[in-house]
Amino acid sequence: MVTGGASGIGLELCALLYQAGGKVYLAGRSEVNAESAISRIKAASTASSGELVFLSLALDDLATIKPAVEAFIALESRLDVLFNNAGLALPPRGSVSAQGHELQMATNCLGHYLLTQLLLSTLLRTAESTAPATVRVVWTSSISVDARASRGGINIASPTSDQQKNYAYSKTGNWFLASSLATQVGSKGILSVTQNPGNLNTLIMRNAPWILGLMVSPILYGAKMGAYTELWAGLSADLGIEDGGKYVVPWGRLHPRPRQDLLAALKAREDGGTGAAASFAEYCEKQTAAFR
């Protein structure tokens, strides 16, 4: 399953998986956009034996996620890889979700957290019949984690008026959720990692100030390069269950030098860390519990 599979990195990832004969669920809000993407992917790979299926959900509206999962499990008994790919960056200041959360935190973290937890029984059932680390959940972070994350990670209580900082909070949150999930289910054979897909020319920049787009355009790569990063995180045999919670960087390798303050945030207090990642996962659980 690929969230945000109708455009950008998600579209390229779905195309690669389909070309290889995979069955792929494109999860997103627009059936029109998804069906258009499906048609384009199929037209480019006419010999594929794969399948492409649209799954309707809106990550910024928690009420849509359980019905989407129920629709999925009515059709499928297994799920091998969940790519939490969809993301939102730099919406207008003050933008909020259907439940009133800061929109980037809602879309990038809360929606994906609820989706993952609701799919967990299916992922666990699949892991029972596969080798450890074959079943995976891949979260999506960003270079902003290294460059703009606050010391120690996330200010949960108070989003700022700086949308770039709020974006960094949400992308750091994805790493925290990847690590927390690895703690939760790693012993049961599911590998959970996060990845920075790379500096890419995709629609995620559509809300950025035009001057920012102009400044970064010379260093942006095509969306397919980001799909390669995600594909490595989701399928590479180089990763094992011991890599749970780790951070993948372009174009498919483990982060060589993660920030020490963020590594400390991943550890529990009793293990010498700050416990910030576990606290953030608890926050996401509380915010989504009513939608289980």
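A: L90 is buried, because its relative accessible area is 12%; buried means under 20% relative accessible area, exposed over 50% and partly exposed in between, with a 1.4 Å probe and protein chains only. The model is predicted, so local features need pLDDT of at least 70 and side-chain atom pairs count only at pLDDT 80 or more, while totals for chains, interfaces and linings use all residues. Residues are numbered from 1 along each chain as its sequence is written, and side-chain values use heavy atoms, with hydrogens and water left out.

L90 is found in the loop between β4 and α4; helices (H or I, at least four residues) and strands (E, at least two) are DSSP runs numbered from the N terminus. The phi of L90 is near 55°, a positive value in a residue other than glycine. A positive phi is likewise found at A133, where the angle is near 75°. A133 is in the loop between α4 and β5, and it counts as buried because its relative accessibility is 3%. Most residues other than glycine have a negative phi, and most peptide bonds are trans.

A cis peptide bond joins P250 and W251, with omega about -10°. W251 is placed in the loop between β7 (247-249) and β8 (253-254). Both P250 and W251 are among the contacts of T229, a residue of helix α8; contact means heavy atoms within 4.5 Å. Beyond four places in sequence, T229 also touches Q195, N196, P197, V248, V249 and G252. T229 counts as buried because its relative accessibility is 0%.

L177 touches C109, Y113, W139, S192, F280, A281 and C284, residues up to four places away in sequence not being counted.

Helix α6 is mostly covered, with 19 of its 23 residues buried. From its first C-alpha to its last, α6 reaches 33 Å, close to the 33 Å expected at 1.5 Å a residue; the expected span is 1.5 Å times one less than the number of residues. D162 caps the N-terminal end of α6, with a side-chain oxygen 3.0 Å from the backbone nitrogen of Q164.

In helix α10 lies Q287, which is partly exposed because its relative accessible area is 29%. Leaving aside neighbours within four places in sequence, Q287 is in contact with L62, H101 and L110. The C-alpha atoms of Q287 and L266, 21 residues apart along the chain, are separated by 20 Å.

Technical notes: Polar contact = N/O pair within 3.5 Å; in protein donor to acceptor, adjacent residues only side chain to side chain.
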